[in-house]
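Reader: Before I plan around this structure, I would like to go through it with you, one question at a time. Could you show it first?

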Amino acid sequence: MSTLSERILGAPSGEYVDHKVDRAYVHDGTGVLTLETWKQMGSLRLSDASRLYVLFDHIVPANNSTTATLQHELRDFATSSFLQLSDIGGGICHQIMSEGVVLPGEVVVGADSHSCTLGAFGAFAIGVGATDMAAIWLTGETWFRVPESIGIHLTGALQDGAEAKDLALSYVSKLGMDGGSYCALEFVGDGASTLGMEDRLVLTNLSVETGAKTGLFYADEITVRYLARTGHMVQPQVPESCTYIRDLEFDLSDIVPMVAVPHRVDTVKPVQDLAGLPIDQVFIGTCTNGRYSDLARFARVVKGKKVAVRTIIVPASRSVLTEALKTGVLSDLLEAGCTIGTPGCGPCLGAHMGVLGEGEVCLSTANRNFKNRMGIGGEIYLSSVATAAASALEGEITEPEGA
Amino acid sequence: MQGSGHAVCLGPDIDTDLVIAGRYLRTKDHGQWVAHIFEDLDPSLASRLGGAVIVAGKNFGCGSSREQAAIAIREAGVVAVIAPSFARIFFRNAINIGLPAIECSLTCTEGQMVNFDLTAGWVEAEGKKHPIRSLSPRMQEILAAGGLVNYWMAHP
């Protein structure tokens, strides 16, 4: 009996396999180095351009002429070589790949650590660096060590005030920053079927923060319906009984709002323990929490009110922004005093568009709060959208309603 | 593969943002990455890295997949990185650019000489040999070739 990773890779845990890569993607950050390395490999051969994606999300639009020149070169190459290109404003690579591109059972490799996000579809999705990606451009395959799996067993359903992000921070806290090293996290149990695709993407997104290779959900009826809306007819994956090297259990009804405090993602406290902590900036976005449901949830809280601190909202993709425009969520956010950024990663990696000043505190819905990540001397607290919304209105860390 | 160098001791969970910050990534000039290596952790580290063996705590290289972190360490003159465990992307990146990443538990004394023999499977410090976790056959080949670029040049 196999874990989902073993089933997709076709070998038992611990074995090394060479496997075809169904989708391989880079962004403007890792793509430049991938291109440079691929050229060094000499043959200038591309395995199959229809499976290779280049998605501009990290510094969009370019912040200076050096970045612009590097992006120009990558864009030119992607266009002339017929790679699948998503230019500035399209959105975050993981988000675009989640909007009807990645399908259950596929092997997906991204040159970004949060490529594990796509495991939410029952795909085997991992992050690599530029040189591994260059070799994939060349050959269309790579080697994998089939991971052991940790079972995250979910029961119950999330209650008002709690979000998938709170569960994600809870499991990262329990496993620690290396508790999942070299392993895959499998999210299973009755509670999994209460979580929509957007919730699942949050949970798989943070798996790398435990050192895990990836996180996976089995494709079920929710996955099938989500992908049907994007024009793909897929079959659910039926779980087999299998052995996990470690099991964690979470009753979703016990999950309460949590915050990760600087400078570690696994240092997590209940929001109520930090209530009243003054903040300078709220950031809603990223491959963790920049989806339409996140923007809508934030808008429901702040509609008709004014945020008390500067609030930067960066939609995860053009589709997210377009939907927010159509439903009126965007005007609710603007009228509440929020600033809207270009779809992409925004200030998450500290490159531009909302970096922090010395001593400033940001409450962010992203996935990393490493020292200086969003700006030298800045402090990052990570929370759910509901906590960020309640806090934006008060100008200090505040428990969301219903908690 | 053998090597040696003086130990530079680092703690656990060193993330790749600390190796090279995001604000310095957008260039092809590898010298820029070396110039700012470990700047947010300890700016004085850079001057001690030439010919060094980094001996770190667990989970070295966690966080972002940025290969610039491994490149900066290699270009700063570091001979090898030793840690009880590595974040898996950094681990692959290091081997892929020909930088030995050695899984071994070692108590670090700043400046002590550390010798290693990857073929024989040990790290030696202060006269004592410590076993290492061996690389997969494929990774051994890649490292022996000096990295994945050279490996593919030899296996076109």
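Author: A residue is called buried if 20 or more other C-beta atoms lie within 10 Å of its own, and exposed if 12 or fewer do. Please keep in mind throughout that this is a predicted model.

Reader: With that cut-off in mind, is A:Gly375 buried or exposed?

Author: A:Gly375 sits in the loop between strand S17 (361-364) and strand S18 (379-382) of chain A, and A:Gly350, A:Val355, A:Leu356 and A:Gly357 are the residues it touches, leaving aside those up to four places away in sequence. Because 22 other C-beta atoms lie within 10 Å and the cut-off is 20 or more, A:Gly375 counts as buried.

Reader: And B:Gly127, in a loop of the other chain: is B:Gly127 buried or exposed?

Author: The loop that holds B:Gly127 runs between strand S6 (122-125) and strand S7 (128-131) of chain B. Its C-alpha atom is 29 Å from that of B:Ala70, a residue 57 places away in sequence. Since 5 other C-beta atoms lie within 10 Å of B:Gly127, and 12 or fewer is the limit, this glycine is exposed.

Reader: Which element gives the most to the side of chain A that touches chain B?

Author: In the contact between the chains, 42 residues of chain A meet 34 residues of chain B. On the chain A side, helix H2 (28-40), helix H3 (65-80), helix H5 (130-139) and strand S7 (141-145) each supply at least two residues, and by class that side has 17 nonpolar, 16 polar and nine charged residues. The element that gives the most, with seven residues, is H2(A).

Reader: Within chain A, which element gives the most to the side of domain 1 that touches domain 2?

Author: Chain A is divided into domain 1 (4-143), domain 2 (149-254) and domain 3 (258-394), and the C-alpha centres of domain 1 and domain 2 lie 23 Å apart. In their contact, 19 residues of domain 1 meet 25 residues of domain 2. Helix H1 (4-9) and strand S6 (124-127) each supply at least two residues to the domain 1 side, and the element that gives the most, with four residues, is S6(A).

Reader: Why do H6(A) and H7(A) count as roughly parallel?

Author: Helix H6 (residues 164-175) and helix H7 (residues 197-205) of chain A have their axes 9 Å apart, and A:Ala164, A:Lys165, A:Leu167 and A:Ala168 in H6(A) meet A:Asp199, A:Val202 and A:Leu203 in H7(A). By class, the residues of this contact are five nonpolar, no polar and two charged. The two helices count as roughly parallel because angles under 35 degrees are classed that way and they pack at an angle of about 20°.

Reader: What is the handedness of the crossing in which H11(A) passes H14(A)?

Author: Helix H11 (residues 292-302) and helix H14 (residues 385-394) of chain A pack at an angle of about 35°, with their axes 9 Å apart. Residues of H11(A) in the contact include A:Phe298 and A:Val301, while those of H14(A) include A:Ala389 and A:Leu393; by class the contact has 10 nonpolar, no polar and two charged residues. The crossing is right-handed.

Reader: How many of the eight residues of helix H3 of chain B are buried?

Author: The buried residues of H3(B) are B:Gln68, B:Ala69, B:Ala70, B:Ile71, B:Ala72, B:Ile73 and B:Arg74. What covers them includes helix H1 (16-19), helix H2 (30-35), strand S2 (52-55), strand S3 (80-83) and helix H4 (88-96) of chain B. The helix, residues 68-75, is therefore largely enclosed by the rest of the structure, and the number buried is seven.

Methods:
Residues numbered from 1 in each chain as written. Chains lettered and ligands numbered in written order. Predicted model: local features only at pLDDT ≥ 70, side-chain atom pairs only at ≥ 80, totals over all residues. Contact = placed C-beta atoms within 7 Å. Domains from an automatic or database assignment. Nonpolar A, V, L, I, M, F, W, Y, C, P; charged D, E, K, R; others polar. Axes fitted to C-alpha atoms, helices over the stretch in contact; angles between N-to-C directions. Parallel < 35°, antiparallel > 145°, perpendicular 65-115°, else oblique. Left-handed = near helix turned anticlockwise from the far one by under 90°.
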